Amino acid sequence: MLRKSKKINFRAGRFNINLTTCVSSVLKGIDLLYPHSKISQKEIIDFHINIKPVPGIRHYIKPQVEFVFNSIIPFHPLPIDQAFPLLEWGLNWCVSTHCHQFLIIHAAILEKNGSAIVMPGLPGSGKSTLCAALSLRGWRIFSDELTLIDTTTGLAYPNPRPVSLKNQSIDIIKSFEKNVVFSETVHDTLKGSVAHMLPNKQSTNFYYEQSSEIKSVIFPKYDREATNNEVNPISKGSTFLKLAENSFNYEVLGKEGFTTLSKVLDNAKCYEMHYDGCLEKGIELVESTL
Amino acid sequence: MIRKLDHSEAIKQLLICPWLVSTWSEKHWESLISQCYATSLMARVNWVLKKNNLTHHIPQTLAWHFAAANKAYDAHLHDVNREIDCINKALAPIDIKPVYLKGAAYIVTEENASHGRIFSDIDIYVPKNKINACEQILLWSGWVGSNKDDYDEKYYREWMHEIPPLINIETGATLDIHHNLSPVISRIKINANILEKQIEPGKKANTYVLSPEDRLLHSAIHLLTGEEFYKSFRDLTDLDFMLREYSNKDKEFWEKLISRAREMGVGRVLYYCFRYCSRILHTPIPASSFAAIKESGPHRLLLPIMDSLFYRTLNPSHTSFKDNLYGVSCFCLFLRSHWLKMPLKILIPHLLKKALITLENDKEAKDETTPLSNNQ
C-alpha cells in the first residue's frame, strides 16, 4: 500500500497541484482519473498537498492517512483505503475555502453549446447521478460539486474533475453506459460507498478560460414513488435564497455575492424537477428547460 | 543574512526587504504563496505589497490568491466591527466599558498589526469586580456559555485569567472575557490595577484599549509563554509591526516599554521579544534598548537552548523552515508554557486529567461518526 514518497505536478480542473504522497492507491487513482493532466515542473503551482500516513503505533494496526495542505491539516485522518476519496474531498476544500474570485455554489454544472445548467441539490436529490448521466449524453462537465461563478461577469467557469458517485448511483451509472472508467469503489466512508468516474474527453479538453452563461437553475428531486416526471418553473426570489444558502462563500463576498447572484438570475430560468430515477426521462426534462 | 536567490525563505525576504520582489522568479512567488497559506499571512503579505506599490510584480496566474485572501479579510473586518458593536451595546446599560485586547484591539486602533490578520476569538478585559455583572448581562443578551464540564469550570474560575468563553448565538463568535493578562496562578504575576491606569480610547467610537506598551507586552507574553505554535510566525510579525509603528509615533516609546516591562515583571519576555524580532524579522531595535533589557535575559548557558527552541517554533511553520527537531522543540515549549502557567502541584494532576479526557474523547469519537468537514 505504501511506496517511496513521490512528488507529482498535475492539473486538477483549473488549478495546478503539487502532490506529495507515498500511498499507492492515490498514485493509481491519479493515473486513472487524471490522464494527460501531468504538467511540467516549470508550471506555477496553486496548491501544495500531501497525502501521508499518520505516524505512530497505530500505523501498524489500523493505518490511517491525512490530508496536509501547506502544513495545515484541515480534516480528521481517514483509513488508508479511503486515501483517494480523501484527496478528492481535500481538493474540493482547497477550492471552496480559498477561491473567492468566484461565488462558489454547492451544485453540479454542465454545459452544451455555450449554455450552462446548474443543479444544486441536497444529498439524495440525485444531482450527481443526473450530472454523470448528462455527461454521458454529450454534455460537458464544468463540475459535479462546485459551481464557480465569476464575481465580475456572473459567468460560470469550468473546473472539470472526476465525478463522485455514491452507493446505488455507482451501479446505476455503470449499467447506464458501458466502458466508463471508474476508480475502485471504497466502502464505509462517511458518505457510504464512493467511487469516482472519469469525466468525458470534451470536458477535460475544454479551454479553461472559456466561460459560459447560466441558462437554467434546476433543483432536481429524486423520488422513486413519483408518479409524474415533470419540471416546473419556480420563482427567482426563492431560487436566490436557496442558492445563497447553498453557497460556500456568499457571506465572505457580501454585497459582491448579492450582485453576482442577481446577474445570474437576471438571465437564468429557475425550475424544480421531480423524477422517478429514470435517467433518460431526467435528461429529457433537463434539456426541455433550454 | 538574507539569501537573495533562495526562494525557500520567500516570506521572510518579503517582510524584511519587500522591494527584493522585483528580482524574484516565478518559483519565488510560488514558494511565497505556499508559505502564506501555511502561516495564514496571505492577506497581510498582500497589504505589504500594496503599501510598497509592488503588486505589479505578482505573476498574473497567482494574483488571485492574494485578491481572494483580501476579500476574506475584508469580510472578517466587517464581522469583527459588527461583533464589537454588539458587545458594546450589550454592556452599555450597566456602564461597563470593555477594553479590547489583541486582534480586536489592533482593529479598533486601526494600527498596522490589524492589516490582513484574521483571528477567531474576540478578547476583552473587564475589571475583576465587574466580571460577574458583565457575564450575567451578556447571558441575558444572547450569549451562551461554552464550558464542557465541571473541571473546565473550575479550571477557568479558579486558576485562569479569564472566565469560560461565551458564544454569541446569533453570530457564532466566541468572546473571551479577561480580568488579567496572565493566569492567576501563573509564575508571571501582573497587577491588573496598573493596566487600568493607562487605558486609552480606540479610534473606533466607544472603544477602549490598553496603552501601546501594554498592548505590545500582552502580545509578547501570549506568544513567548504560550503553546500555539502553528500561528507563532504570524504573531511575531504582529510584534514586529507594533514595535516599528509605536517607536515611529512616540520617541520615548522604547524607554516607556522597558520601564513598563520591569514594572510588570516581564523583562525576560521583552528580552526574548527583542532578540527574536530582530534576529528573525530584522526589527530595528536601538542598541541602547537592547542593552537596557540585557540584564533580564536568561543565564548564558540557558540562552543557546532557548535560541534553538524559539528559532524552530517562531519561524514559519512550513516545510522549508522545519527540521527534524521542530516537533521536539514544540513539545519542550509546551511543557515550559505549562510550567509557567501553573505550579507543579496543580500542573501534574491537570496534565493527567487532560490526558484522560483526550483518551475518553477519542473513544467517543470512534463511536460516533465525526464529520470530515462542515462543508463537504
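Author: Domain bounds here come from an automatic or database domain assignment. This is a predicted model, in which local features need pLDDT of at least 70 and side-chain atom pairs count only at pLDDT 80 or more, while totals for chains, interfaces and linings use all residues. Residues are numbered from 1 along each chain as its sequence is written, and chains are lettered from A and ligands numbered from 1 in the order in which they are written.

For chain B the assignment lists domain 1 (1-58), domain 2 (76-210) and domain 3 (211-367). The centres of domain 2 and domain 3 of chain B, taken over C-alpha atoms, are 21 Å apart. Their contact takes 23 residues from domain 2 of chain B and 22 residues from domain 3 of chain B; two residues are in contact if their C-beta atoms, placed from the backbone, lie within 7 Å. On the domain 2 side, the elements giving two or more residues are α5 (102-108), α7 (150-159) and α8 (192-196) of chain B. Helices (H or I, at least four residues) and strands (E, at least two) are DSSP runs, numbered from the N terminus. That side of domain 2 of chain B divides into 14 nonpolar, four polar and five charged residues. Ala, Val, Leu, Ile, Met, Phe, Trp, Tyr, Cys and Pro count as nonpolar, Asp, Glu, Lys and Arg as charged, and the others, Gly among them, as polar.

The chains also meet: 24 residues of chain A are in contact with 24 residues of chain B. On the chain A side, α3 (83-98) and α8 (250-253) of chain A are the elements that give two or more residues, and α3(A) gives the most, with five. The chain A side holds 13 nonpolar, ten polar and one charged residue.

Turning to the strands of chain A, four of the five residues of β9 (residues 146-150) are buried, so this strand is largely enclosed by the rest of the structure. A residue is buried if 20 or more other C-beta atoms lie within 10 Å of its own, exposed if 12 or fewer, and partly exposed in between, with C-beta atoms placed from the backbone. Strands pair if DSSP finds at least two bridges between them. β9(A) runs antiparallel to β6 (residues 102-112) of chain A, joined by five bridges, and L148(A) is the bridge partner of I104(A). Two bridges join β9(A) to β10 (residues 156-157) of chain A, also antiparallel, with I149(A) partnered by A156(A). Their hairpin has five residues between the strands, and in it G154(A) takes a positive phi near 75 degrees.
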